[in-house]
Amino acid sequence: MKHFYIFLTKLATKRNISIGLFLIVLFNVILLPKFPELISAIEIDIKSILDLKFSYSTDVAYTLFENLGERGRNAYKLSELFIDFPYAIIYGFTYAFIIITLFKINNLERFNIVSLTPFLISWFDILENTGIIVMLSKYPTKLVTICSLTSTFTSLKWIFAVITFVIVLTSLIYLIILKFKLRITN
């Protein structure tokens, strides 16, 4: 764990954070919403995909799969493989770099374990993607247990996303307070 943190610290540069944030915006604005349309010429209501729900039942998942049709299911599967998997890795590293940098500036490096929280989002996102791909691959067979596990992974992904957001926000507020106190004392 210590070696991984040292490795991350070396990579946590302004340049890498900027590249990561650029890629996150690129994924969110262009690739994630448009990829299914590009490869299958169909529109998928972005709000209906399982990845963006907090949780879902087997009925909700398989109703979506049925409504997508064969081309839509293939597009969804390909977007999970070629867009969402790399995206999970990119945002995991980027958010970890941001936390490491903020903790270093705030002199909170003793809490470095917290910088690994974004990797929990990534881990559960990858497990979620795997479950969705398996369900899509076995469609029309309903994999109730896999669907329940996948929904749990989706919920855990969102829980750790909120925790990561709170960590970043709290670190930024702490930094602002420190800067304000420094100005008052000078």
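Tutor: Keep in mind that this is a predicted model. We start with T58, which has its place in helix α3.

Student: Is T58 buried or exposed?

Tutor: The general idea is that a residue counts as buried under 20% relative accessible area. T58 has a relative accessibility of 15%, so T58 counts as buried.

Student: What does T58 touch, leaving aside residues up to four places away in sequence?

Tutor: With those neighbours left out, T58 touches K142, V144 and C147. As for distance along the chain, T58 and E70 are 12 residues apart, and their C-alpha atoms are separated by 18 Å.

Student: Next, helix packing. At what angle do helix α1 and helix α3 pack?

Tutor: Helix α1 covers residues 2–11 and helix α3 covers residues 58–105; they pack at about 85°, and their axes are 9 Å apart. Angles of 65 to 115 degrees count as roughly perpendicular. Helices α1 and α3 are therefore roughly perpendicular to each other.

Student: Which residues make the contact?

Tutor: From α1 the contact takes Y5, F7, L8, T9 and L11, and from α3 it takes F93, F97, I100 and K104. Divided by class, the residues of this contact of α1 with α3 are seven nonpolar, one polar and one charged.

Student: Now charges. How many salt bridges does the count come to?

Tutor: The general idea is a distance rule: a side-chain nitrogen of Lys or Arg lies within 4 Å of a carboxyl oxygen of Asp or Glu. By this rule the count is one salt bridge. The side chains of E128 and K157 form it, with 3.1 Å from N to O.

Student: Which parts does the pair tie together?

Tutor: E128 lies in helix α4 (residues 117–138) and K157 lies in helix α5 (residues 144–185), so the pair ties together parts 29 residues apart in sequence.

Student: Are E128 and K157 buried or exposed?

Tutor: E128 is buried, at a relative accessible area of 0%. K157 has 6% relative accessibility and also counts as buried.

Student: What about D125, and which side chain of opposite charge is nearest to it?

Tutor: D125 is found in helix α4. D125 is buried yet has no salt bridge, and the nearest side chain of opposite charge is K157, 4.1 Å away. The cut-off for a salt bridge is within 4 Å.

Student: What does D125 touch, again leaving out residues up to four places away in sequence?

Tutor: D125 touches D84, A88, Y91 and K157.

Definitions and conventions:
Residues numbered from 1 in each chain as written. Predicted model: local features only at pLDDT ≥ 70, side-chain atom pairs only at ≥ 80, totals over all residues. Heavy atoms only, no water. Axes fitted to C-alpha atoms, helices over the stretch in contact; angles between N-to-C directions. Helix = DSSP H or I, 4+ residues; strand = E, 2+ residues; numbered from the N terminus. Parallel < 35°, antiparallel > 145°, perpendicular 65-115°, else oblique. Contact = heavy atoms within 4.5 Å. Nonpolar A, V, L, I, M, F, W, Y, C, P; charged D, E, K, R; others polar. Buried < 20%, exposed > 50% of the residue type's maximum accessible area, 1.4 Å probe, protein only. Lys, Arg positive; Asp, Glu negative; His and termini not counted.
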